[in-house]
Amino acid sequence: MTEVLLHCCCAPCSSAIIEWMLAHEVRPTLFYCNPNIYPEEEYLIRKNELTRYAEKLGLRVIDDDYDHEAWRCTVKGLEGEPERGGRCLQCFKMRLLRAAKVCKELGFDEFTTTLASSRWKSLEQINEAGEWAVEQVGGGVRFDGRNWRKGGLQQRRNELLKENGFYNQQYCGCEFSMRSEK
């Protein structure tokens with residue numbers, strides 16, 4: 001069985017991807033790195049839902065530190081950007097760089113992200129950030145820039161959301177997306 005690091009944003013977006021991976025002999029280690037989420041209570045709700053699902057499946061979760069202030073510094077000056085704008089790219093770079101570092105530290109060959117399952121996100125930005133992160137850690141790991149929206153995974157996500165009674169957030173997580181996605 002192949003092992004990969006799966007950067008996870010939340011349980012609903014992760015569930016169908018995890019199910020697909022396990023069915024295809026891929027064992028993910030889940031990496032919860034979301035300093036963008038605001039407020040902290042929202043971060044904790046999403047983390048707890050992902051942890052609950054991982055425990056059900058017997059999967060490991062690595063919880064990155066919640067450092068919202070570092071994230072705010074990363075996107076400083078981009079607060080007014082629209083969704084899929086420059087703020088999102090910087091946010092993806094920050095989170096996927098952390099994922100690439102953990103991937104390398106754990107000795108995994110590959111990492112990917114559940115961000116690529118969201119219709120609200122730009123796949124081009126996600127892939128750019130993932131490839132950039134690989135370059136920053138000096139190689140040794142690959143980024144799987146797969147489009148996780150295809151192959152019925154979006155429909156399966158919705159089914160798993162209901163089956164597991166997941167909390168389903170109404171915005172990407174950052175305070176700047178609250179006003180544009182609700």
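Tyr 32 is buried, with a relative accessible area of 0%; buried means under 20% relative accessible area, exposed over 50%, and partly exposed in between (1.4 Å probe, protein chains only). The model is a predicted one, in which local features need pLDDT of at least 70, side-chain atom pairs count only at pLDDT 80 or more, and totals for chains, interfaces and linings use all residues. Residues are numbered from 1 along each chain as its sequence is written, and side-chain values use heavy atoms, with hydrogens and water left out. Helices (H or I, at least four residues) and strands (E, at least two) are DSSP runs, numbered from the N terminus.

**The sheet**

- Five strands form an open sheet in the order E3-E2-E1-E4-E5, with parallel pairing; two strands pair if DSSP finds at least two bridges between them.
- Strands of a sheet pair through backbone hydrogen bonds, either parallel or antiparallel.
- Strand E3 (61-63) and E5 are the edge strands, each of which pairs on one side only.
- Strand E1 (residues 2-8) runs parallel to E4, and three bridges join the two.
- His 7 stands opposite Thr 113 in E4.
- Phe 111 stands opposite Phe 143 in E5, and the bridge partner of Glu 110 in E5 is Arg 142.
- In strand E4 (residues 110-113), Glu 110 and Thr 112 point one way while Phe 111 and Thr 113 point the other way, and all are buried.

**Aromatic pairs**

- The whole structure holds six aromatic pairs; rings of Phe, Tyr and Trp (its six-membered ring) pair if their centres lie within 6.5 Å, and planes under 30 degrees apart count as stacked, over 60 as edge-to-face and the rest as tilted.
- The rings of Tyr 32 and Tyr 43 have centres 5.1 Å apart and planes at 50°, so this pair is tilted.
- Because Tyr 32 lies in strand E2 (residues 26-32) and Tyr 43 in helix H2 (residues 40-57), the pair ties together parts that are 11 residues apart in sequence.
- Tyr 43 is buried, with a relative accessible area of 2%.
- The rings of Trp 71 and Phe 176 have centres 6.0 Å apart and planes at 25°, so this pair is stacked.
- Trp 71 in helix H3 (residues 68-74) and Phe 176 in helix H7 (residues 175-181) are 105 residues apart, and their pair links distant parts of the chain.
- Both Trp 71 and Phe 176 are buried.
- Tyr 32, Tyr 43 and Tyr 66 are linked into a cluster by ring pairs.

**A charge over a ring**

- The charged end of Arg 46 sits over the ring of Tyr 171, 5.3 Å from its centre; a charge sits over a ring if NZ of Lys or CZ of Arg is within 6 Å of the ring centre and within 35 degrees of the ring normal.

**Cysteines**

- The whole structure contains zero disulfides, a disulfide being a pair of cysteine sulfur atoms within 2.5 Å.
- Cys 33 is in no disulfide, and the nearest cysteine sulfur, that of Cys 91, is 8.7 Å away.
- Cys 33 counts as buried, at 0% relative accessibility.
- For Cys 103, the closest cysteine sulfur is in Cys 8, at 13 Å, which is too far for a bond.
- Cys 103 also counts as buried, at 0% relative accessibility.

**Helix H1**

- Helix H1 (residues 11-23) has 13 residues, which at 1.5 Å a residue should span 18 Å; its end C-alpha atoms are 18 Å apart, in agreement.
- The expected span of a helix is 1.5 Å times one less than its number of residues.
- The buried residues of H1 include Ala 11, Cys 13, Ile 17, Ile 18 and Met 21.
- Among the elements that cover the buried residues of H1 are E1, E2, H2, E4 and helix H6 (153-164).
- Glu 25, whose phi is positive, near 60°, follows H1.

**Arg 60**

- Arg 60 lies in the loop between H2 and E3 and counts as partly exposed, at 48% relative accessibility.
- The C-alpha atoms of Arg 60 and Phe 31 are separated by 8.6 Å, although the two residues are 29 residues apart along the chain.
- Leaving aside neighbours within four places in sequence, Arg 60 is in contact (heavy atoms within 4.5 Å) with Thr 29, Leu 30 and Leu 106.
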